[in-house]
Amino acid sequence: MPVRPEADRRMFVGGEWTDAADGARLPVIDPATEERLGTVPDAGPDDLERAVAAAGAAAPAWADAGWQRRAAALRELAGRIAERAEELAVLDTRDSGNPITGMRADLASTPSEVLYYAGIAPEAKGATFPAGPDMLAYTVRQPYGAVARIIPFNHPFKFAAGKIAAPLAAGNCVLLKPAEQTSLSALELAGLAEDLLPPGVLSVLTGRGERIGAALVGHGRVPRVAFTGSVPTGRRVLRAAARHVKHVSLELGGKNPIIICPDVDPGPAARAAVKAMNLARCNGQSCGSTSRLFVHDDLRGPFLDALAERVGELRVGDPLADDTDIGPLTFAAHHERVLAYIAAGRREGATVLTGGGRPPGLERGFFVEPTVFTDVTGAMTIAREEIFGPVMAVLGWRDVDEVVARANSVEYGLVANVWTRDVSAAHRLAGRLEAGYVYVNGTGKRPLGTPFGGWKHSGMGKENSLEELLSYTRSKTVAVTL
Ligand code: NAD
């Protein structure tokens, strides 16, 4: 059955499909047309109580089920995702405005992320310690019970499925809260997992962040919170979690630098810089977008020519069309926010090389032209704050110490990107950049299992790795006197 976004959906709580207890609903808006597609429940505290009670009831048996049983469920889930990939990609495109080619790429990579955690599930193990002949000392890793998984709007299905896998593999029940703007595919995920997981092991609570999101973080029987989203919300989560001294991991925003060294060919480097913005994946709405381009002064002219040419080739339009590179941004308030950043760039004295507003001929929908600013200084708003859209700021550099200091001068530290043919320069720069993940001569491709997570205000903890699996366990030491 193809998924129809045009419907009033129910959410999945404690093994049942349900409306919000108080009947509240949120509209689902098509970002390409601004038309209403349907509605989803706006969950509240009563719904959370049901989900938490169901998780509490399911948790002991799920923890005792053993990793083989849990890994088998995840493997089956991965297979079902692969079977339905095209449908889910179309649904995410309708819901988010991300181009269909980008959402196909999201769906293509998701099954392997789920399989990865199925594969490493038995690594949630302990150790023994030398304690002498009269004592046995060892550690065991046990799940938390209920884990809150709060996710943003930019990779709806990929995050929903990819981010439940580690906590489930480790033996937890998961309370998943998708972004209120892009909830549809998370509900499809619940449908795919419905007969694979015992009731209560997975609940999907749709609704607003300030309502169900805040309630989840504040609930006394949800001891582990994993949040992916913006820095300001991350701070709110951290504050609210303090009351119950929860274990929190945060995957937050970035204002990522790409450093173009003088020894590279400017044409391919400019194309790579565009690719590293993730425009054709999610319209530049990516935490990993390298939106600060530090281009060596010797390359400035040819680099800017190649950059303008490449950006000019990008097709903005219907996100469902195979030849579209950039669709609309995901929701109205974000569209206004990105346009306000472009206005700030102009007001503060930067020069628009290309783009700069709503594309001509696209009067409806949350569209923004891919935009490149030059003559940017480090003090400007567009060089300091995450825009989370198709906006690039080009800055020049000459001295390597100075470019490192400027790259590191923002509060963020998620990723950084270096382009050079000089092996020593590459490793030295990688060592000095304040970022949790550094790409050298690459555009965001991350091998499975390599830890991802920000430094500084960009987050706490690592995901996509063994560290993530272990973060959903608590270690207990047992000392036995023999
Ligand atoms: P956001 O912070 O507005 O919302 C993220 C999620 O938090 C949503 O589900 C939202 O409903 C919920 N939320 C909002 N207020 C809450 C509260 N008080 N308590 C609990 N939950 C609450 O972020 P967004 O606009 O959806 O996403 C964009 C941001 O996410 C960007 O900053 C981007 O860089 C970041 N991001 C980071 C990563 C990463 O891996 N580091 C990945 C993707 C996106």
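**Helix packing**

Modeller: Helix 9 passes helix 11 in a right-handed crossing. The model is a predicted one. Helix 9 spans residues 266-275 and helix 11 spans residues 300-313. Their axes come within 8 Å and cross at roughly 45°. On the helix 9 side, the contact is made by Pro266, Gly267, Ala269, Ala270, Arg271, Ala273 and Val274. Helix 11 contributes Pro302, Phe303, Ala306, Leu307, Arg310, Val311 and Glu313. By class, this contact of helix 9 with helix 11 has ten nonpolar residues, one polar and three charged.

Next comes the pair of helix 5 and helix 6. Helix 5 covers residues 156-169, and helix 6 covers residues 184-193. The axes come within 8 Å here and cross at roughly 40°. Helix 5 and helix 6 are therefore oblique to each other. Helix 5 passes helix 6 in a right-handed crossing. Pro156, Phe157, Ala160, Ala161 and Ile164 make the contact from helix 5. Ser185, Ala186, Leu189 and Leu192 meet them from helix 6. Eight residues of this contact of helix 5 with helix 6 are nonpolar, one is polar and none is charged.

Helix 6 also packs with helix 3, residues 85-96. The angle is about 150°, with the axes 9 Å apart. Angles over 145 degrees count as roughly antiparallel, so helix 3 is roughly antiparallel to helix 6. Leu88, Leu91, Asp92 and Asp95 form the helix 3 side of the contact. Leu184, Ser185, Glu188 and Leu192 form the helix 6 side. The contact of helix 3 with helix 6 divides into four nonpolar residues, one polar and three charged.

Ser185 and Leu192 belong to its contact with helix 5. Ser185 and Leu192 are also in its contact with helix 3. Ala186 and Leu189 are listed for the helix 5 contact, and Leu184 and Glu188 for the helix 3 contact.

A backbone N or O atom of Ile151 lies 2.8 Å from a ligand oxygen atom. Ser230 places a polar side-chain atom 2.8 Å from an oxygen atom of the ligand. For Gly209, a backbone N or O atom lies 3.3 Å from an oxygen atom of the ligand.

Key: Residues numbered from 1 in each chain as written. Predicted model: local features only at pLDDT ≥ 70, side-chain atom pairs only at ≥ 80, totals over all residues. Heavy atoms only, no water. Axes fitted to C-alpha atoms, helices over the stretch in contact; angles between N-to-C directions. Helix = DSSP H or I, 4+ residues; strand = E, 2+ residues; numbered from the N terminus. Parallel < 35°, antiparallel > 145°, perpendicular 65-115°, else oblique. Left-handed = near helix turned anticlockwise from the far one by under 90°. Contact = heavy atoms within 4.5 Å. Nonpolar A, V, L, I, M, F, W, Y, C, P; charged D, E, K, R; others polar. Polar contact = N/O pair within 3.5 Å; in protein donor to acceptor, adjacent residues only side chain to side chain.
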